Amino acid sequence: MTAFITAAATIGEFRAGGTDLSERRRSGRSTGPLVDLTGLPGLAEITPTPDGGVRIGALVTVEQMARDLSGYPALAATAAALATPEIRAVATVGGNLLQHTRCTYYRNPAFSCVKSGGDGCPARTGVAHHGVADDRGPCVAPHPSSIGMALLTYDAVVEVSGGPARTVAALFGDGSDGTRDHQLGDREILTAIVLPPPLPGERGAYERATSRRFAEWPLVEAVARISVTEGRITTVRVGVGGVAPVPLRLVGVESLLLDGAPDGPLAAAAAAATDGLRPLPHTAYKLPLLRAVVLDVLHRALTGPDQDAAGAPRP
Ligand SMILES: Cc1cc2nc3c(=O)[nH]c(=O)nc-3n(C[C@H](O)[C@H](O)[C@H](O)COP(=O)(O)OP(=O)(O)OC[C@H]3O[C@@H](n4cnc5c(N)ncnc54)[C@H](O)[C@@H]3O)c2cc1C
Ligand code: SF4
């Protein structure tokens, strides 16, 4: 594998499911040779780890994640809700984490910006309704990976061929580097994501607010993982997307809920979801949306059966 990677990375851009890449090829944003990863052995499987967790190969599809990770309900619900059934059937977890921004200026090669190797950000002075709700640096496009957001809540580790393993948070960085959507090197291949064992009785929920019900990235999205022991919330993790140039974990919301009663004041905790955020002139509308979506996932993770993308209860 290492020999392949050393040779392949000098040849061109990696291609997994191709659902992000092919759109950039069509627009002319991606040119030059491609290196197909789909034949690499052992990367399309989900396997148990000795400690009771799982290793998810980078070529595992989003559909597989949604179907085969019922022990990780927040992650499975996130995977089930993104894109369309057709995209989920071919899109891979590695490609999902490493997909490029959906910013319409970036996707149009007629524009130049800091992310495409130029200067400045035309979105700041142009149309930025889909932009971040927390302005952290030169690029104001929200990170597109829903799965990255969910993995942030699991202490997931990313295995890399050609480089060291790292946390999902380190894979994305803090959002201040406007030139990149992730911090993986050009000659590194993401090979797997390793999850620790699920918590006993773990519950999870995912929700998004969208401008269109189907086949659209969210305006904002949220995921929650919660476990309750002897009437107290013993673990709570909340992740959000559509908010910043990287997926975010809301530790402030979590700390308000931890060790409290499951029927405690969820609305007050959800209200803290927007504390400290610095929206753009066009994106202040995202703040109440975010508070509502966070409240919804907290409520559902604590009280109701989780639902699949079509709204049907999960078993
Ligand atoms: C209509 C629509 C709606 C969508 N909605 C959502 C949404 O709500 N949330 C969401 O998260 N996504 C959404 N998507 C995006 C979709 O999930 C991604 O296109 C897909 O996950 C990318 O995976 P892929 O395997 O096709 O990646 P590819 O297109 O093959 O690759 C994407 C990028 O990752 C790199 N890459 C891929 N695998 C590796 C690897 N193992 N190591 C190193 N580099 C690698 C490639 O070089 C490329 O730059 C949507 C897409 C569509 C078309
Ligand atoms: S938001 Fe980011 S990707 Fe979009 S134009 Fe600005 S720098 Fe480029």
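Me: A residue is near a molecule or strand if its C-beta atom, placed from the backbone, lies within 6 Å of it. Which residues come nearest to ligand 1?
Reply: The model is predicted: local features need pLDDT of at least 70, side-chain atom pairs count only at pLDDT 80 or more, and totals for chains, interfaces and linings use all residues. Residues are numbered from 1 along each chain as its sequence is written; chains are lettered from A and ligands numbered from 1 in the order in which they are written. Around ligand 1 stand 32 residues. Those that come nearest are Gly17, Thr19, Gly94, Gly95 and Asn96.

Me: Which element gives the most to the shell around ligand 1?
Reply: Helices (H or I, at least four residues) and strands (E, at least two) are DSSP runs, numbered from the N terminus. E1 (13–15), H6 (93–98), H9 (146–152) and E7 (189–195) each supply at least two shell residues. With four residues, the most comes from H6.

Me: How many residues in the shell around ligand 1 are charged?
Reply: Ala, Val, Leu, Ile, Met, Phe, Trp, Tyr, Cys and Pro count as nonpolar, Asp, Glu, Lys and Arg as charged, and the others, Gly among them, as polar. The shell has 18 nonpolar and eleven polar residues. Its charged residues number three.

Me: Which residues are closest to ligand 2?
Reply: Ligand 2 has 14 residues around it. By class, eleven are nonpolar, two polar and one charged. The closest are Cys103, Tyr105, Cys113, Cys121 and Cys139.

Me: Over how many bridges do E9 and E10 pair?
Reply: E9 covers residues 220–229 and E10 covers 232–241. Ala224 stands opposite Val238 in E10. The antiparallel pairing of E9 and E10 runs over nine bridges.

Me: How many residues of domain 2 are in contact with domain 1?
Reply: An automatic or database assignment sets the domain bounds: domain 1 is 2–30 + 42–116 + 125–195 and domain 2 is 203–303. Their centres, taken over C-alpha atoms, are 21 Å apart. Contact requires C-beta atoms, placed from the backbone, within 7 Å. Domain 1 puts in 35 residues, and the count for domain 2 is 34.

Terms used
Two strands pair if DSSP finds at least two bridges between them. Two residues are in contact if their C-beta atoms, placed from the backbone, lie within 7 Å.
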